[in-house]
Every structure is written in structure tokens, then in C-alpha cells.
Amino acid sequence: MTELHLWLRHEVRSTERRTPVVPSDARRLVDSGVRVTVEESPQRIFPVEEYEAAGCDVAPAGSWVSAPRDAVVLGLKELPDGPGELTHRHIFFGHAYKRQPGAADLLRRFAAGGGALYDLEYLVDDTGRRLAAFGFWAGYLGAALAVLQQRGRLAAPLTPTAKDELDATLRPAAGDKEFTALVIGALGRSGRGARVAFQTAGVEPTCWDLAETRDLDRRALLGHDVMVNAVLATSPVPPFLREQDLDDPARRLRTLCDVTCDVGSPLNVLPVYDRTTDWDDPARRLREEPPLDLIAIDNLPSLLPSESSADFSAALLPQLLEFGVGGPWGRCLDRFRLACRELGVGTGSGEGGLSR
Ligand SMILES: NC(=O)c1ccc[n+]([C@@H]2O[C@H](COP(=O)([O-])OP(=O)(O)OC[C@H]3O[C@@H](n4cnc5c(N)ncnc54)[C@H](O)[C@@H]3O)[C@@H](O)[C@H]2O)c1
């Protein structure tokens, strides 16, 4: 068996401060015989020196392109637009299997180079349960931002913070008006995070999951002041909100936070907006009278980069130590091949030189 060489890449998105492997877990990989190369990255929450001290090699940002072909490139979010041919095995959130914008281009790049995508969203155990996810913190932050928006205290641009500081801003202050909140997908990771943030803010939310949306009561939904959508859609369902619902005179809803951010996907349950919001402009007004503001930020956990990275890394570490052809990684590869077949692109012969 060839020694595993993991290559932790710099994230191209300037607001992405998280990392899938924190320095203490990098040390455990190195101690277990994994070779770990870490790219320099000015925005990563952990300085590269901490990885170096943990026994990792250091390489310039973006140098994964010329990494040895058998290196497994590890990241979180999107790759840069080039090169057009991806020759390595890559582990990251590809967002490429639900016909999202840009998905076909990404898969074609893998097909052209003979590389492979191990999509972290599809790293699951044999019951289909996700093995490493940021969901809790996504929901926590989604609800936290919704609370601040509802209370008129959401200051832009958003900047990464620590949980204690965030919690202090969430606690109710004199003069804050009471409001009602709804979490959909409340039994999932994001949903749990959202519930905890609401509770920190002194709000006990209504909780809906599959059972409550099967026969969807849109009037009841619109009767809440704040709604957080935290579902993981796996098959199409009727939308939770349609354009005409936003104009319903009975609407109390003022703040809508879509943690799911499936905009552009056929599985989107909130087809009432056409683009996400971001740290510079976290809330966008969808209706004026009465107001309705949307928050739909697709990298929420990065606002708490230290806590969210540590949790994710702890969950990913045992999987990285078992990186191989079968089990969860085998399922990831099968899912990648299926997506390529569905798109009519080959997966090449090498798949990153699968030399294990
Ligand atoms: N915005 C971000 O930064 C960010 C970060 C991480 C995850 N996410 C997204 O958050 C979403 C939730 O992720 P998770 O890790 O919590 O998933 P999860 O699988 O832990 O939970 C999803 C929950 O949604 C429920 N659900 C699915 N379909 C539903 C429906 N039609 N009606 C009601 N409930 C339904 C499930 O029963 C489950 O309880 C995903 O779409 C994920 O991509 C967003």
C-alpha cells in the first residue's frame, strides 16, 4: 500500500477561513504515517507555522496544481477556474451532483484530466449518515443572523468572530420586541444549531421536519416573524414558499434565512430568490411593504472558523486515517462516477492514479 500523501490547499474564496484539518489533527495524521503538505494561506484561521510544527511540509498557495499525481488534494470549497484538466483526486464540497450552476463544467474538468472528486457531502456511513459536516454551525449562524436582522442589529459587512462574542450580541436587550420563529429541518444538524441559537436569543422556535411539511401549511409558515430553512433536500417536494406567498396580506414573515442555499437547483424549496447574499450584504430586501428580508449565505460556518473547523476536523480525521478504495471513500467515488455517467462524461482511466 502506497503511503497516503494529503495536500491541504489554500481556499480561493477570500472569506473562507476554515480548514478541514486543524494543526492538532494534522499532527495525528503525520504520527500515523500520512505525509501532509499544507499550502500557505493568508486567511486560514490557523497559521501555517502551526502545521509546520506538527510535522507537515509547507508549499505555496495554489501549488497543488503541480503536486505529485498521487497526492490527494484536500480543501473545502470551490477550486479556482483553472486548470481545465484536473488530474488529482480531490476531497472537497463540490456542489456538483444536484445540477447546480457550474456543476457540469467541474465534472468535465475531472473527466478531462482523469482525476476524481470525493465530495465531502457524500462521505456517508453504510446507513447514509454524513460522517463530517458543518451543519450545526451553519444553522447556528443562520439563526443568529436572522435574530440580529429581526432586531435591527445586523451590521455589515460580517466578519468572523468567536462564539462567546456572538452569543453576547444574541442575548435579548432592553427594548427588543418579542418575535416568533420557525425552523424547518429542525431535527437535522443545521436545525439543531438553529434551535440552540434561538434559545440563546431567548426565543423558543416552532420546529418542523418531514412530518410537518408533508401536508404543508403555508399560512402557518407565513404566520411566523422569522423562518430558518435548514432542510437537506434529496428529492423534489412542493416549494415551502412561492412568489405569490410573499404578497399574501396575512404574511407576518419579516426575516427569511435560507441555510440550505439550493438556489438554482431543481431541489430548491424556496424558489423566491435568484441569488445568494454574502458577508458584504448579508440581507436583501425581497418585499417592501410589509418588509421581508432574505439572508442566504452559503459559507456561514466560516463566520466561526475556529469552532467549526475543530468540530469538522475531529469528525474527518478517522476517515482520513482510513482513506482507501472501499467503505465511505468507495461510496464517494461511486457517486462521482454516477454523476459523470448522468452527465455523459467519462471518468478517464486514471482517476488521479489510484495507486493504493
Ligand atoms: N449555508 C451554509 O453555509 C451551509 C453549511 C453547511 C450546510 N448547509 C446546508 O444545510 C442543509 C442542512 O444540512 P444538515 O447537515 O443539517 O442536514 P441533515 O441531514 O443533518 O438535516 C436535514 C434535515 O432536513 C430534514 N428534511 C429534509 N427534507 C425535508 C422536508 N421536505 N421538510 C422538512 N424537513 C426536511 C431532514 O429530515 C433532516 O432532519 C443542507 O442543505 C446543507 O447543504 C449550508
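This is a predicted model: local features need pLDDT of at least 70, side-chain atom pairs count only at pLDDT 80 or more; totals for chains, interfaces and linings use all residues.
**Overall fold.** I began with the secondary structure and found 11 helices and 12 strands in the protein chain. I then looked up the radius of gyration, which is 21 Å; the globule rule gives 21 Å for 356 residues, so the chain is as compact as a globular protein of that length. Along the principal axes, the C-alpha atoms fill a box of roughly 65 × 45 × 35 Å.

I checked how much of the chain is covered: 54% of the 356 residues count as buried.

**Ligand shell.** I turned to the ligand and listed 23 residues around it, of which Ser-190, Asp-209, Thr-213, Ile-297 and Leu-300 come nearest. Sorted by class, the shell has 13 nonpolar, seven polar and three charged residues. Helices H4 (135–150), H6 (189–200) and H7 (210–213) each supply at least two residues of this shell.

**Polar atoms at the ligand.** I looked up three distances. For Ser-190, a backbone N or O atom lies 2.7 Å from a ligand oxygen atom. For Asp-209, a polar side-chain atom is 2.5 Å from an oxygen atom of the ligand. For Thr-213, an N or O atom in the side chain lies 2.6 Å from a ligand nitrogen atom. Last, I noted the ligand's cover: taken alone the ligand exposes 860 Å², and the protein buries 85% of that.

Key: Residues are numbered from 1 along each chain as its sequence is written. Side-chain values use heavy atoms; hydrogens and water are left out. A residue is near a molecule or strand if one of its heavy atoms lies within 4 Å of it. A polar contact is a pair of N or O atoms within 3.5 Å; within protein, one must be able to donate a hydrogen and the other to accept it, and residues adjacent in sequence count only if both atoms are side-chain atoms. Accessible areas come from the Shrake-Rupley method with a 1.4 Å probe; for residues, only the protein chains shown count as cover. Helices (H or I, at least four residues) and strands (E, at least two) are DSSP runs, numbered from the N terminus. Ala, Val, Leu, Ile, Met, Phe, Trp, Tyr, Cys and Pro count as nonpolar, Asp, Glu, Lys and Arg as charged, and the others, Gly among them, as polar. The radius of gyration is taken over C-alpha atoms; the globule rule is 2.2 Å times the number of residues to the power 0.38. Buried means under 20% relative accessible area, exposed over 50%, partly exposed in between (1.4 Å probe, protein chains only).
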